[in-house]
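Subject: Structure handover

Hello,

Here is the structure I promised to pass on. Please open it first, then read my notes below.

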Amino acid sequence: MNGQGEERTAFEIGVVVPKRAVKERDESFDCVEVLVEEFKQAGLIVEKVIGIADEFIKLAAPLETLGRAAAELQIKKPTHIGMDLQFEWDEVEAFVRQPDGSLFSWWERFRCFNHLIYGIVNKRNSAVGLKFDGKEFHWELGESLLKRLEAEGIVKQVFPLHDEIKRKQLLRNWALNWWDFTSQPIDDIYSYFGTKVATYFAFLGMYARWMLFPAALGIMLQLVDLGSSQSMMLPIFFISIILWAVMFFQFWKRKNAALLARWQISYSVVADPGCKVLGLDWSSLQSPVELVKKVGTDRAREKEVFQRAEWFGHMMRFRNDVIVFLSIICLQLPFELAYAHLYEITRPDALKFGLTAIYLLAIQYFTKIGGKISVKLIKYESNESTEYRADSLVYKVFGLYFMQSYIGVFYHILLHRDFKTLRQVLIQRLIVSLVLENLMENSLPYLKYSYRKYGVRHKKRHEKGSSTGKIQFTSRVEKEYLKPSYSASIGEELEDGLFDDFLELALQFGMIMMFACAFPLAFAFAALNNVTEIRADALKLLAMLKRPVPRAAATIGAWLNIFQVFVFCFGLEKYCHQFTWL
């Protein structure tokens with residue numbers, strides 16, 4: 001289509017099915033062969049790969065196939081005349097391309113793939129009988145074939161595949177390129193991972209770069225003896241930190257807006273399929289006229305429905321917040337006080353480091369339980385969309401982590417009221433948490449991957465009846481399938497792995513802001529951690545995990561509110577402190 005076919009076609013979706021013990025004589029009834037044939041008829045490029053324990057179907061889509069799917073989905077894209085219009089394949093030249101030159105973003109392509117593969121339905125005159133390993137079932141009229149095979153346990157997983165050429169390029173130019181310090185190829189990250197992941201790394205890179213100023217100031221304050229002027233430096237340091245934080249978030253908002261403009265994304269990214277208006281699915285709302293017909297013309301009744309849903313949502317959120325808060329007080333406070341007491345009576349520093357490591361591991365375990373409870377509670381809330389549910393989850397789980405992480409420190413402050421003791425506690429926590437979090441974050445995915453490979457090899461040897469012989473994983477798609485998903489530690493119902501990464505940044509920001517007066521060198525620890533975090537997270541995404549499912553996001557969401565609340569509270573606290581000091 002006028003040169004549009006010049007885009008490289010790569011396999012981007014993988015479908016996993018078990019190996020068949022018995023091959024059907026008539027392939028027209030073999031459900032896997034039927035699925036492959038339907039994929040081809042939908043315009044997809046199909047390649048079958050035989051693995052050690054499973055079979056894999058790799059899918060790619062020519063640009064025209066994606067264009068037809070985008071038109072059916074009525075995706076709106078910016079045009080050269082400055083308007084967002086519904087995509088039409090016949091008018092493809094009128095639409096603006098992505099920063100990397102492609103027509104569709106990764107999120108748009110993933111939506112098109114989902115539409116194509118899950119949109120394969122039985123359009124025949126009657127139900128179709130299918131078989132798999134001697135098991136028979138029927139593909140009913142109008143039923144999605146892929147969903148039926150998933151329900152029967154024949155399709156084990158559908159997941160995005162890494163593009164090996166782009167992955168190696170990002171490894172070379174980003175994950176392993178330490179010389180660039182905090183600079184990153186953000187446009188390439190956006191093209192490969194989508195908006196949400198790219199926004200996180202843009203924020204992390206800017207945060208790490210801006211952290212160098214308070215880090216240098218903290219090192220100077222900690223190591224340089226200014227004599228009689230030393231007492232005056234702390235107030236100046238406090239004021240500088242507050243001004244630094246305020247300016248950082250204002251400049252981040254500008255950078256975020258600039259990125260969205262460059263990526264051609266509006267703040268209303270997409271209508272959430274889970275969003276409901278007056279109890280009706282957003283996807284079912286055809287027009288305001290039809291909405292009025294469904295709801296009724298009675299304005300009083302319409303207002304009553306809105307108010308009732310709004311108040312019910314507020315009551316459920318308040319109830320859930322109370323449950324989470326009381327659980328912290330009743331269950332976690334005794335544990336935190338016990339740790340603080342044990343830390344106080346322990347003398348050798350080595351034992352204190354060990355005690356802190358055990359404490360931080362226990363905190364992570366307890367908070368994961370609290371996070372899973374929060375996920376269950378949120379299901380009973382009347383939130384407008386998945387985005388609102390995710391924000392509610394962020395506030396609840398962050399409150400859990402914040403209280404559980406800092407109750408022990410506050411206890412030390414109230415008990416000792418001594419900067420030296422507090423500084424010692426902070427140094428141990430920062431060092432242990434830095435080592436422990438990076439170790440767990442990067443080693444756990446590798447251990448899970450190694451364990452899954454061992455399980456497949458062990459099962460294959462057991463089937464052969466031999467314990468000797470080396471079994472090699474030759475197919476790249478099978479290796480990707482065995483890698484862990486990029487999911488949140490509290491579950492993947494509402495959030496992906498960015499939840500844990502943002503949580504780590506928010507807790508770090510809270511600690512360095514709260515205790516800057518006791519330990520100014522904390523900013524240097526944070527700066528070192530953030531520079532390392534950029535490359536570690538990049539390596540984790542590119543080498544240790546499956547390619548993440550793209551998610552639509554225009555900003556960092558509720559996390560920005562949490563950061564700004566920190567700045568406001570600490571600014572108010574420092575102001576009151578300075579007023580008392582004067």
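K448 is partly exposed, because its relative accessibility is 46%, and that falls between the 20% and 50% cut-offs. Bear in mind that this is a predicted model. K448 sits in helix α14. Together with K368, K372 and R452, K448 forms a positive surface patch. Two elements each give two or more residues to this patch: α12 (349-378) and α14 (419-464).

Next, helix α5. Which residues of α5 (residues 164-175) are buried? They are E164, R167, L170, L171, W174 and A175. Their arc around the axis is only 125 degrees, so they lie on the same side of α5.

- L217 belongs to helix α8 (residues 212-223). Its relative accessibility is 19%, so L217 counts as buried; the cut-off for buried is under 20%. L217 and I241 are 24 residues apart along the chain, and their C-alpha atoms are separated by 9.4 Å.
- E93 is in the loop between β5 (84-86) and α3 (106-118). E93 counts as partly exposed because its relative accessibility is 43%. From E93 to L103 the spacing is 10 residues in sequence and 9.7 Å in space, C-alpha to C-alpha.

Last, the backbone. Most residues other than glycine have a negative phi. Two residues are worth a look here.

- Q74 has a phi near 60 degrees, a positive value in a residue other than glycine. Q74 lies in the loop between α2 (63-73) and β4 (76-78). At 53% relative accessibility, Q74 is classed as exposed, since the cut-off for exposed is over 50%.
- Q264 also has a positive phi, near 60 degrees, and is not a glycine. Its place is the loop between α9 (230-262) and β9 (276-277). Is Q264 buried, partly exposed or exposed? Q264 is partly exposed, because its relative accessible area is 25%.

Best wishes

Key:
Residues are numbered from 1 along each chain as its sequence is written. This is a predicted model: local features need pLDDT of at least 70, side-chain atom pairs count only at pLDDT 80 or more; totals for chains, interfaces and linings use all residues. Side-chain values use heavy atoms; hydrogens and water are left out. Patches are made of residues with over 30% relative accessible area and no salt bridge: like charges are joined within 9 Å, nonpolar side chains (Val, Leu, Ile, Met, Phe, Trp, Tyr) within 5 Å. Accessible areas come from the Shrake-Rupley method with a 1.4 Å probe; for residues, only the protein chains shown count as cover. A salt bridge is a side-chain nitrogen of Lys or Arg within 4 Å of a carboxyl oxygen of Asp or Glu. Lys and Arg count as positive and Asp and Glu as negative; His and the chain ends are not counted. The place of a charge is taken as NZ of Lys, CZ of Arg, CG of Asp or CD of Glu. Helices (H or I, at least four residues) and strands (E, at least two) are DSSP runs, numbered from the N terminus. Buried means under 20% relative accessible area, exposed over 50%, partly exposed in between (1.4 Å probe, protein chains only). The arc is that of the directions from the helix axis to the C-beta atoms.
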